[in-house]
Amino acid sequence: MGETHSNPVYRVGFLYSVTGPYRTIAQDLYDGARMALDEVNNDSAFAFRLVPEFRDPAGVPERYTEFCDSLIRRDGCKHIIGTITSLARKEVLPTVEKFDALLWYPCPYEGFECSENVIYTGANPNQHILPLFEHVVPKFGRRVYLTGSNYIWGWETNRIGRELIQACNGEVLGEKYLPIDSVDVDHIIEDIKAKKPDFILNNLIGNSSYALFRAYQKLGQEDPEFAAAKRPIVSCNLTECELGQLGEAGIGHLSTAIYFANQTDAENTEWLARFHEFAGADRIPSAFVAQGYATVKMLAQSIRRAGNDDVPAVRHHLMRKPVQTPFGMVQIDATNNHAALTPLIGEIGEAGWFKIVSRADHAVVPDPYLVHFDADDFRRKVGKPVAGNLRVVS
């Protein structure tokens, strides 16, 4: 903390790879953060200024550890906002725990983690893949093909998908992984063509994901059996910021998120107007813009309530009251540091928008370890299963 103005200045670290394989997502997260920083620093209700210390690891895992250590020890940041992949989050976790800093993680992830030094503001499995499967299994069927980038997000989210399908006596027809940034999808498409799954769970990221959609579109043009309306690609982390990379190849496919830009409620309309003033009228904000914005606002509100940026005080006040975000009032659960969020399912339409086809009727309490998963309730939601043994997610 410095005193260059009459009000206190708190330095906040940002770790977003705005270059590298997932730069599109990172840029949206940081743009949302910059909008929130601008609002906080120009609002007299906040008797302090937040000064960003930005670092771009370019998607290189080792740089996350190096930059995180430097932000805490050299720049005096008690709060680090960022990382996108779970690989990167795992890289910095020992450092923030060692120095008792606080990492604010804004992305959907695979769950099965809980640290006192991490605030998880993105969705976990009972807020993304579980509601996604509750929507797509009754509509399309129980025969699924799993794809993913070859790291913990792909492995673990596909593992949960496999166990959900087994819990309703479905069948996993195939499971394939690609190195991050690989576009070698032809063998996956050939396998999908041969096995004809009811839907494809896509846990690829960046260019790998875009290549899958483009190749699948070509397959659908050759064989109507693989049209999006019949056998869709479904994703847990695809948002508006990547639809330009897909073009027409994305139309009709599905994704889950906690925010889609075309919501018509008054709060979103007002926030959209502010975003367009900040970023330009042609820009469509994704869930990552909203998450980047909301995470900074959560930090700022907690600092205001605490009176300083000390980690124990900020964490205490964060848990006491919900914070208004572009996706509603959000409460952090004191038992696991995760956010209660309202899942949405969107269908990709034209012009870079999602059509919301399903919305939870309330915020879903976070359950990162799926300890409260009810197999009977899941089976009721997806329809009557065929006879056989059922397996519950552990």
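**Exercise 1.** How many residues lie between S13 and S14 in their hairpin, and which residue in the turn has a positive phi?

*Solution.* The model is predicted: local features need pLDDT of at least 70, side-chain atom pairs count only at pLDDT 80 or more, and totals for chains, interfaces and linings use all residues. Residues are numbered from 1 along each chain as its sequence is written, and side-chain values use heavy atoms, with hydrogens and water left out.

- Step 1. Strands are DSSP runs of E, at least two residues; helices are runs of H or I, at least four; both are numbered from the N terminus.
- Step 2. Strands pair if DSSP finds at least two bridges between them. S13 and S14 (residues 354–359) have five, in the antiparallel sense.
- Step 3. Gly-346 has Ile-356 in S14 as its bridge partner.
- Step 4. Five residues separate the hairpin strands S13 and S14. Ala-351 in the turn has a positive phi of about 65°.

**Exercise 2.** Find the antiparallel partner that four bridges join to S13.

*Solution.*

- Step 1. The partner is S10 (residues 254–257).
- Step 2. Ala-257 stands opposite Leu-344 in S13.
- Step 3. Four of the five residues of S13 (residues 344–348) are buried, so S13 is largely enclosed by the rest of the structure. Buried means under 20% relative accessible area, with a 1.4 Å probe and protein chains only.

**Exercise 3.** Identify the H1 and H9 residues that meet.

*Solution.*

- Step 1. Contact means heavy atoms within 4.5 Å.
- Step 2. From H1 come Asp-31, Arg-34, Met-35 and Glu-39.
- Step 3. From H9 come Trp-271, Arg-274, Phe-275 and Phe-278.

Definitions and conventions. Buried means under 20% relative accessible area, exposed over 50%, partly exposed in between (1.4 Å probe, protein chains only).
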